[in-house]
Amino acid sequence: AQSPAWAGQPSSDPDARALGLGPHHLAYVIYTSGSTGTPKGVMVEHAQIVRLFEATQHWFGFNERDVWCLFHSFSFDFSVWELWGALRHGGCVVLVPGHVARAPSAFDELIRRYGVTVLNQTPSAFRALMDVESHSRVPNRLRYVIFGGERLDPSMLRSWSGRYSGHAPQLINMYGITEMTVHVTYRSLGQSDSSGPGGLIGRRIPDLRIYLLDGHGEPVPFGAVGELYIGGAGVARGYLNRAELSAQRFMADPFSAQPGARLYRTGDLARYLPDGNLEFLGRTDEQVKIRGFRIEPGEVAAH
């Protein structure tokens, strides 16, 4: 029976053009920690979400047979990838109740019961899941395990990868920032990565531009440490009602000939390794990440 709340509502999608809506309109505002004690709302448009999936589809090949789970809170932009990744490709999305997300054994059972094929996790959450997964006798259907939200130490994956022979899910590490629409880089992890350097974040998504700059805004030599500045199609509109802060972090791209091109200054440090992959090396400030959430010590002090 139809809920009374939906009575009289159309069963088809609304006509966006008839409503005057376009790709440049806001899709969401997600708040991140602020160093002054005032969280900042990141404004992301519809076009920036659509291009995220178009630019990464050649790596993943998501389809209508995939089953995703909405594990993360919608206040964390990893949820944007989980929800719209499923819906955009015609797949299934399983909503994970809060009490299940906090209980690794219950979450592991959900993954197997619903045949989840695309799992997205922060490394700290996956570490807890690995402990219970090793005791399960029911096979899972995972195709991908995608990490994001915090630095990944690949050595933690040795025992988990060793339990699979021939049909192991592909492990992917994706560095990302809310201001750049969820993901920025991609790194497919193999067995050799478990003994490699921590912080390996791979290569940029094709429609983005990455620069490593020094304190004067000049490119650093190949292999040297620099601050990550990122441009391209994923740059968010800016911070909601924070024009001054937006001007500090979102700036004109001096290296691009495209009119209106902008860069986002991340505050993250990185360097290029000889094979062309990026290695994340920490922050230029005191910001830390706890289970994927950006925490500014200055915000704590302000309170």
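User: How do I read ring pairs among aromatic residues?

Analyst: Rings of Phe, Tyr and Trp (its six-membered ring) pair if their centres lie within 6.5 Å; planes under 30 degrees apart count as stacked, over 60 as edge-to-face and the rest as tilted. Here, ring pairs join Phe53, Trp59, Phe60, Phe62, Trp68, Trp81, Tyr144 and Tyr186 into a cluster. This is a predicted model: local features need pLDDT of at least 70, side-chain atom pairs count only at pLDDT 80 or more, and totals for chains, interfaces and linings use all residues. Residues are numbered from 1 along each chain as its sequence is written, and side-chain values use heavy atoms, with hydrogens and water left out.

User: How many aromatic pairs does a search of the whole structure find?

Analyst: The search finds 18 aromatic pairs. In one of them, the ring centres of Phe62 and Trp81 are 5.9 Å apart and the planes are at 70°, so the pair is edge-to-face. Helices (H or I, at least four residues) and strands (E, at least two) are DSSP runs, numbered from the N terminus. Phe62 sits in the loop between H1 and S3, and Trp81 in helix H2, 19 residues apart.

User: Are Phe62 and Trp81 buried or exposed?

Analyst: Buried means under 20% relative accessible area, exposed over 50%, partly exposed in between (1.4 Å probe, protein chains only). Both Phe62 and Trp81 are buried.

User: Which type of pair do the rings of Phe71 and Phe107 form?

Analyst: Their centres are 4.7 Å apart and their planes at 45°, so the pair is tilted. Phe71 has 15% relative accessibility and therefore counts as buried; Phe107, at 2%, also counts as buried.
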